[in-house]
Amino acid sequence: MAVVNRDPLTAPHRTRNDAFLTAGVAVLAVVLALLVDDGLPLGPPGWALLTGAHVPLVWRRSRPLLVLFAVAACVTPYHVLDYNHAVPIPATLLALYTVAATGTVRRSLLTAVVVLGPTLIINSFTNPDGALELLRISGWVIAVLFFGVDARFYRQYVASIVERAERAERTREEEARRRVVEERLRIARDLHDLLAHSITLIGVRTSVAAHVLTADPDRLDRKAVAQALDDIAETCRTARGELRTTLEVLRADEVGVSAGGEREWVAEPGSGASSGSGLGSPEGRGPLPGLDGLGALAEAARVAGAEVELSVHADGVPPSVGAAAYRIVQEALTNAVRHGGRDDLTVRVGLRAAEGTLRVTVADDGAGPGTVHGVGSAVRNGVGRFGLVGMRERARSVGGTLDAGPGPTVGFEVTAELPLPREEPS
């Protein structure tokens, strides 16, 4: 089967193997010459013609048609001289098979016509009354050609199966690599959401505590310092819990993925798990938060020193879209607190669902894009580019778009449009 499946035109060591095959066919011809009596005994011309019919078989796969013509050129006078007719049959059949196995069906049919015509004519002169002999010769020629064509089709069929299997294997490998890349990006986004926001809050609250300690040492506001430290401790607990959740998910054997590409986790019984991630989210394990967690984000930003105006007019938002909106608002609020550049920063957060789209807007009145503290300048200079890229990836994960840039007058504005699934009419 390995020999049949291998392409005869590209098989390795084909000339060497054909030389061994030719030697075997020649030995078989000598045995037939000695044991079979089907014509005149071979004399020197007969042996010479027989040798000339076998030698070209060494190159049968390189030049199949030329080899067939060379064999026919030697076999035709051999039969005309009425030598033992059974002796050159193996060499003739091998040449016919090679032509059929390496060529097209049309070439095989033309070969059958070209070979059968002279053969039948010669046989009619040498054996006028041998109608059965004519039928036998024609049957052998057609059978060998048919077997060669069938072997060629079978070889092509096996090659197509192997090629499809290899293509499927390549597709699986590419899909696996793509999933690995997507998973790495998702992990990077999650870690950025977790660490960047928590570290930002810790930095802001640490600055508050330092300011209280250095502003007026004689009249130390112990309550303000204690509150700042408590906020820092709460943020650390939140970050620790979410980091543990992320690591547990990475080690989990079975992880559910929502339609928007977000992970969904089921809280363990008795663990006190709750939802949340990032700014103001409580410690625990559970599904990623949605629009119901925006209040906690706004409160965390207020504790950090910003005035947040939150307006939500959206009901029945799918969890995947809600999670994407939550992450976008989370990152936008963090950027506003981090790069606002003023103490009386005001951030307006609005979410409105209309005409099958959830529109998310986060705008602040922080420092303009021309100052080093402005978010616009930071983005243009490459600072915070991962947060902006992450927000755009969150929007694309649910088929939406996101624009970010300087506001109409001052500050920075983030606008996202997230499509909502259309409800099928009942």
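This is a predicted model: local features need pLDDT of at least 70, side-chain atom pairs count only at pLDDT 80 or more; totals for chains, interfaces and linings use all residues.
**Notebook: helix pair, sheet and salt bridge**

I began with the α4/α5 contact: P64, L65, L68, V71 and V75 of α4 meet A91, T92, A95, L96, T98, V99 and T102 of α5. Contact here means heavy atoms within 4.5 Å. Helices (H or I, at least four residues) and strands (E, at least two) are DSSP runs, numbered from the N terminus.

Residues are numbered from 1 along each chain as its sequence is written, and side-chain values use heavy atoms, with hydrogens and water left out.

Next I looked up the geometry of the pair. The axes of α4 (residues 64-80) and α5 (residues 89-102) come within 9 Å and cross at roughly 155°. Axes are lines fitted to C-alpha atoms, for helices over the stretch in contact, and angles run from 0 to 180 degrees between N-to-C directions. The two helices, α4 and α5, are therefore roughly antiparallel (angles over 145 degrees).

I turned to the sheet. It is open, with 5 strands in the order β3-β4-β5-β7-β6 and mixed pairing. Two strands pair if DSSP finds at least two bridges between them. β3 (307-313) and β6 (401-406) are the edge strands, each pairing on one side only. Neighbouring strands are turned by 10° against each other on average, direction ignored. Helix α9 (residues 294-303) packs on the sheet, touching β3 and β4 (346-354), and its direction makes about 170° with that of β3. Helix α10 (residues 319-339) lies across β3, β4, β5 (357-364), β6 and β7, at about 175° to β7.

β6 and β7 (residues 412-419) run antiparallel, joined by 6 bridges. G405 has E413 as its bridge partner in β7, and T401 stands opposite E417. Between the strands lie 5 residues, and G411 takes a positive phi near 75°.

Last, I looked at salt bridges (a side-chain nitrogen of Lys or Arg within 4 Å of a carboxyl oxygen of Asp or Glu). The structure holds 8. One of them joins R60 and D18 at 3.1 Å, N to O. R60 sits in the loop between α3 (44-54) and α4, D18 in helix α2 (residues 14-35), 42 residues apart.

Notes. Angles under 35 degrees count as roughly parallel, over 145 as roughly antiparallel, 65 to 115 as roughly perpendicular and the rest as oblique.
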